[in-house]
Amino acid sequence: MNNVDWSDEYGYVREGKVYLKGYFDYPDREIGEVRQSVEASVEYFRKRYEVARQKVADLYGLVESAQNKGSYLMKLVHLRNYFADYDALGDFPALYQKLDELEEGLRASISVNRDRNLEIKQALIAEAEPYRLSTEWKEAADKLQEVKEKWIKTGAVVKEHEEKVEETFRGILDEFFTRRKTFFNQKMQEQRERMDRYMEIIQEAEKLKYSQDWDVTVTAFKALQERWRNVGKLPPDKVTKLWKRFRRATDTFFERYNQAKGLPPRFTKR
């Protein structure tokens, strides 16, 4: 090299520029300029290499103490990419070798974890399956939500099984919750229809409550009472309000009826 002011196995200084020697497929590249002196500049970039080396050591420490070691794979990949443009003087091939060794261990750990995750998710599918066709809506929904939370907390499985287990589990949930939604939609529709039938009876009773066609209207009210009993159930708070309104119309007529027929008030129909 012409005009080299300093050189070692990792880099050199030439014409006031500091260079890192090429390694692997990377060519020599300029990493900085000489500021105060060659020695000071070289020392600065050597210290930067120590920072890089410490980052690798720290990553090793994090992986060593972690339960989910695979979660550090992306951090390792980012660190490797970061070193490609990192300005420092030192043995970068040695750092890459350490990262390669660590990656090998991480990928082995990930493989083991994904096999274990597959076993866990298959067990969760078996746990959820009995509730697919359940009509115990609250119990089944609570149980499936509990299983779903476990599923979310479980990591990825091996790629060749991932689509199948996800599709199977999602199918169980979709079938149950679609059936539940349909059931409650139908129930709401039935309640709306019953409300309409109750209101029809109430409106007919209110039209008849001032009738003086006594015998015909008594028969009509008895028919309305029979229809009322056959409408079907509603939530207590709703049916109570409707019943009070129907009873007022019924009481109004029968109080008048009793007076017209000379019957004591205690025989008022309820």
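The following dialogue examines how several descriptions of this predicted model are reached.

Biologist: Why are α1 and α3 called roughly parallel?

Modeller: The axes of helix α1 (residues 38–65) and helix α3 (residues 92–128) cross at roughly 15 degrees and come within 11 Å. Angles under 35 degrees count as roughly parallel, and α1 and α3 are therefore described in that way. The crossing in which α1 passes α3 is left-handed.

Biologist: Which residues of α1 and α3 make the contact?

Modeller: From α1 the contributors are Y49, A52, R53, V56, L59, Y60 and V63, and from α3 they are F92, L95, K98, L99, E101, L102 and L106. Sorted by class, this contact of α1 with α3 holds 11 nonpolar and three charged residues, with no polar ones.

Biologist: Why are α6 and α7 called roughly antiparallel?

Modeller: Helix α6 (residues 214–230) and helix α7 (residues 236–261) have axes that cross at roughly 155 degrees and come within 11 Å. Angles over 145 degrees count as roughly antiparallel, and α6 and α7 are therefore placed in that class. Their crossing is left-handed.

Biologist: Which residues make the contact of α6 with α7, and how many of each class does it have?

Modeller: On α6 the residues are W214, D215, T217, V218, F221, L224, Q225 and W228. On α7 they are L242, W243, F246, A249, T250, F253, F254, R256, Y257, A260 and K261. By class, the contact has 13 nonpolar, three polar and three charged residues.

Biologist: How do you know whether D251 is buried or exposed?

Modeller: The relative accessibility of D251 is 8%. Buried means under 20%, so D251 counts as buried. D251 is placed in helix α7. Its C-alpha atom is separated by 17 Å from that of R229, a residue 22 positions apart from D251 along the chain.

Biologist: Why is S71 called partly exposed?

Modeller: S71 has a relative accessible area of 45%. Partly exposed covers the range between the buried limit of 20% and the exposed limit of 50%, so S71 is assigned to it. S71 is found in the loop between α1 and α2. The C-alpha atoms of S71 and R229 are separated by 65 Å, and these residues are 158 apart along the chain.

Biologist: What makes the phi of E15 worth noting, and why does E15 count as exposed?

Modeller: E15 has a positive phi of about 50 degrees although it is not a glycine. E15 is located in the loop between β2 (11–14) and β3 (17–20). Exposed means over 50% relative accessible area; E15 is at 58% and therefore counts as exposed.

Biologist: Where does F24 lie, and why is F24 called exposed?

Modeller: F24 lies in the loop between β3 and β4 (29–33). The relative accessible area of F24 is 56%. The limit for exposed is over 50%, so F24 is classed as exposed. The phi of F24 is near 50 degrees, a positive value in a residue other than glycine.

Technical notes:
Residues numbered from 1 in each chain as written. Predicted model: local features only at pLDDT ≥ 70, side-chain atom pairs only at ≥ 80, totals over all residues. Heavy atoms only, no water. Helix = DSSP H or I, 4+ residues; strand = E, 2+ residues; numbered from the N terminus. Buried < 20%, exposed > 50% of the residue type's maximum accessible area, 1.4 Å probe, protein only. Axes fitted to C-alpha atoms, helices over the stretch in contact; angles between N-to-C directions. Parallel < 35°, antiparallel > 145°, perpendicular 65-115°, else oblique. Left-handed = near helix turned anticlockwise from the far one by under 90°. Contact = heavy atoms within 4.5 Å. Nonpolar A, V, L, I, M, F, W, Y, C, P; charged D, E, K, R; others polar.
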